[in-house]
Amino acid sequence: MTEYLLQIEDLHTCFQTRNGIVHVLRGLSLNVPRGQVVGIVGESGSGKTVTALSIMRLIRPPGRILSGRILFQGTDLLRLSEQQMERVRGRQIAMIFQQPRESLNPVLTVETQIRLVLRQHLGLDGHAALTRARHLLRQVELPDVDRLLRAYPHELSGGMCQRVMIALCLACSPKLLIADEATTALDVTVQLQILRLLRQLREELGLTLVVITHNLGVVAELCQWVAVMYAGELVEFAPAEQFFRAPFHPYAARLLACRPAISLEDDLPVIPGVVPDLLTRPSGCPFHPRCHRARPRCRLEHPSLEERLPGHEVRCFFPEEVPAWTPSLR
Amino acid sequence: MDALLEVSGLSKHYIVSGGLLRRHILRAVDGVSFTVSSGETLGVVGESGSGKSTLGRCLLRLEEPSEGVVKYRGIDITGLPDSSLRPLRRHLQMVFQDPADSLNPRMTVGTAVLEPILLHGLARGVAARRRVIELFELVGLSEEHVARYPHQLSGGQQQRVAIARALASNPQFVVLDEPTSALDVSVQAQLLNLLRALQRRLGLSYLFISHDLSVVSYMARRVVVLYLGRVVEEGPTRALFDDPKHPYTRTLLSAVPANTPWEQRHRIIPRGEPASPLARPAGCPFSPRCPWAVQRCHEEPQALQPVGPDRQVACWRSIEGKIVWTRPEA
């Protein structure tokens with residue numbers, strides 16, 4: 001049996017807006033195996049980031065978690081008091097974001113920021129804290145550690161800021177690291193370095209990762225599992241290799257196919273239309289207005305998530321036949 | 001094919017003050033030359049700080065170049081006073097990355113497209129309004145969108161409006177500066193197909209600027225690679241991607257995330273951090289990070305030299321065949 005570090009069960013998160021209540025997450029269920037990397041893929045408005053913020057319990061009014069369970073090592077995070085949750089954040093579950101520079105304090109040196117974290121969470125001070133800070137920066141492969149400790153965020157490149165962020169996250173040896181588009185703003189050469197670092201940290205520290213991205217290449221590089229979200233729900237969950245070989249959901253299949261490539265002389269396959277506005281969610285399967293396989297049933301009924309192959313689940317009445325997409329074309 | 005746009009020795013330098021009495025020269029673009037033929041797309045690839053956006057802006061004189069000549073149909077537009085430049089401006093247009101920033105939020109998108117038609121005196125009254133609808137249909141929007149405000153449209157639709165606005169003056173040359181980078185993957189494919197269709201239909205020439213190599217490979221038959229303001233390599237897309245001649249191009253291509261989890265890539269990890277355009281080395285700009293660099297690379301500036309048909313590279317070691325590319329992963 002796979003051991004799950006994190007289990008999300010039937011999670012509903014909504015936001016109150018001027019135009020009514022927007023249900024951003026509609027019964028999301030997702031299991032994250034310990035020591036592995038799960039990639040959450042989706043376009044804007046699919047609910048990826050709200051999923052991450054829900055796990056961290058950082059949804060603030062007008063947002064609200066309506067119902068569901070978020071089991072972390074068997075404990076339901078939604079039942080913890082704010083004080084108890086404070087001990088989970090950072091120490092058990094840490095998170096890095098797209099704009100590392102904005103997540104760092106611009107008026108404090110790297111050393112001060114690491115010391116603050118070490119003091120607050122671990123009660124470390126003085127020389128012990130400095131030793132630990134040096135160790136952390138080396139762990140994320142930053143060069144010239146002593147000079148770096150005295151530097152301010154604006155003196156660092158984007159890639160270095162992201163490494164410092166990761167070092168801050170590692171300070172309390174969390175079990176789960178959530179990376180929300182953590183490499184999106186970086187150049188490809190820097191992105192590669194960060195991806196390698198994350199892979200290495202997983203192997204060396206046994207870290208479990210949830211990687212939120214719109215970039216399927218990042219998933220191919222890093223993840224063992226893929227979770228595809230559309231309009232606030234999971235539409236496909238699969239082992240990464242199997243997913244890239246033969247995705248079942250028509251949306252996932254098109255997402256894989258519409259990535260531009262050099263050898264294409266013909267036009268790219270497209271997904272017609274746009275990601276639905278969460279206020280005007282289509283009936284039945286929310287993807288049906290854009291789906292090339294849609295039939296009348298898709299408009300009327302909402303499909304449930306079904307396991308079609310071991311560990312490979314899809315929410316679709318008429319999934320793609322295998323294989324939907326031939327990788328040798330690329 | 002005729003050269004529609006000829007750029008030679010184009011530079012843009014900024015003076016940056018570095019404290020008391022210290023002045024640094026930031027060479028954002030440094031001695032760049034290329035030509036764009038009529039009906040062709042030239043791709044410009046580079047990471048942050050490569051000067052790719054500054055280059056695009058200099059071509060249209062949104063930024064005054066410090067040195068060099070830009071010729072449009074044989075006319076040197078760098079020396080032209082504003083009054084003589086104005087009639088030419090309608091032939092040279094630009095589309096930016098973020099459509100939300102380039103459209104006036106208080107103006108209907110119809111008015112935004114109407115404006116250049118009136119400004120350039122291309123039509124008036126009913127004829128001008130008819131032309132607006134025609135342009136909306138050309139970019140895949142419909143008459144119903146004309147009266148909307150930018151916030152009532154999706155990102156993809158806003159970018160279509162920005163394209164319609166750029167096309168309103170019947171330009172021949174359009175600079176596309178990361179036109180799909182802010183869009184979702186599924187919408188990006190639609191926009192790329194649209195841009196290619198418009199090019200075929202209207203005989204447009206594009207300068208397509210992007211950090212995304214797969215997008216450039218899909219759009220452009222020819223590519224220039226920029227590093228710290230200098231062209232390090234130029235050539236037909238296919239040849240350049242299949243067999244990059246410059247160490248930087250090779251590094252950049254090797255960093256692109258894999259398409260599938262089972263794809264094996266030979267990765268080149270550059271040394272150190274990306275250099276700043278403020279502290280550019282005397283020799284080859286890539287030399288401090290290049291795994292193949294020798295002493296001469298650090299000292300001697302490199303000029304573009306022909307290698308093979310229609311290809312140029314600024315690396316003496318590559319030209320003299322001194323580099324064995326199959327270097328094990330660092």
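Visitor: Which residue stands opposite Gly43(B) in β9(B)?
Guide: Val223(B) stands opposite Gly43(B) there. Keep in mind that this model is predicted.

Visitor: How do you know that strand β3 and strand β9 of chain B pair?
Guide: Pairing takes at least two bridges between two strands. β3 (residues 41–45) and β9 (residues 222–227) of chain B have four. The value meets the cut-off, so the two strands pair. Their sense is parallel.

Visitor: What is the order of the eight strands in that open sheet of chain B?
Guide: The order is β6-β7-β8-β3-β9-β10-β12-β11, and the pairing is mixed.

Visitor: Why do β6 and β11 of chain B stand at the edges?
Guide: β6 (92–95) and β11 (305–306) of chain B each have a single partner strand. One side of each is therefore left without a neighbour in the sheet.

Visitor: Which strands form the open sheet of four in chain B?
Guide: β2, β1, β4 and β5 form that sheet, in that order, with antiparallel pairing. β2 (23–37) and β5 (75–76) of chain B are at its edges, because each has a single partner strand. Helix α1 (residues 52–59) of chain B packs on this sheet and touches β1, β2 and β4 (67–72). The direction of α1(B) makes about 65° with that of β2(B).

Visitor: How do you know that β4(B) and β5(B) pair?
Guide: Two bridges join β4(B) to β5(B). The rule asks for at least two, so they count as paired. They run antiparallel. Tyr72(B) has Ile75(B) as its bridge partner in β5(B). The two strands form a hairpin with two residues between them. In the turn, Arg73(B) has a positive phi of about 50°.

Visitor: How many bridges does β1(B) make with β2(B), and how many with β4(B)?
Guide: β1 (residues 3–17) of chain B pairs with β2(B) over eleven bridges. With β4(B) there are five. Both pairings are antiparallel. Ala3(B) has Ser37(B) as its bridge partner in β2(B). Val7(B) stands opposite Val70(B) in β4(B).

Now to the helices.

Visitor: Which residues of α4(B) and α6(B) meet?
Guide: Val109(B), Ala112(B), Val113(B) and Pro116(B) in α4(B) meet Val161(B), Ala164(B) and Arg165(B) in α6(B). By class, this contact has six nonpolar residues, no polar ones and one charged. What makes one of them charged? Arg is in the charged class, so Arg165(B) counts there.

Visitor: Which residues of α4(B) are buried?
Guide: In helix α4 (residues 109–119) of chain B, the buried residues are Val109(B), Gly110(B), Ala112(B), Val113(B), Leu114(B), Pro116(B) and Ile117(B). What covers them includes α5 (125–138) and α6 (155–167) of chain B. Just after α4(B), Gly121(B) takes a positive phi of about 60°.

Visitor: Why does Leu253(B) count as buried?
Guide: A residue needs 20 or more other C-beta atoms within 10 Å of its own. Leu253(B) has 20 such neighbours, so it counts as buried. Leu253(B) is in helix α10 (residues 247–254) of chain B. Leaving aside neighbours within four places in sequence, Leu253(B) is in contact with Leu213(B), Phe241(B) and Pro244(B).

Visitor: How many residues does each chain bring to the contact between chains?
Guide: Chain A brings 35 residues and chain B brings 35. On the side of chain A, α7 (158–170), α8 (188–205), α9 (216–222), α10 (240–245) and α11 (250–257) each supply at least two residues. By class, that side has 19 nonpolar, eight polar and eight charged residues.

Visitor: What makes α7(A) roughly parallel to α8(A)?
Guide: They pack at an angle of about 15°, with axes 10 Å apart. Roughly parallel means under 35 degrees, so α7(A) and α8(A) qualify. The crossing is right-handed. Gly158(A), Gly159(A), Gln162(A) and Ile166(A) of α7(A) make the contact with Val190(A), Gln193(A), Ile194(A) and Leu197(A) of α8(A). By class, the contact has four nonpolar, four polar and no charged residues.

Definitions and conventions:
Residues numbered from 1 in each chain as written. Chains lettered and ligands numbered in written order. Predicted model: local features only at pLDDT ≥ 70, side-chain atom pairs only at ≥ 80, totals over all residues. Contact = placed C-beta atoms within 7 Å. Axes fitted to C-alpha atoms, helices over the stretch in contact; angles between N-to-C directions. Buried ≥ 20, exposed ≤ 12 C-beta atoms within 10 Å, placed from the backbone. Parallel < 35°, antiparallel > 145°, perpendicular 65-115°, else oblique. Left-handed = near helix turned anticlockwise from the far one by under 90°.
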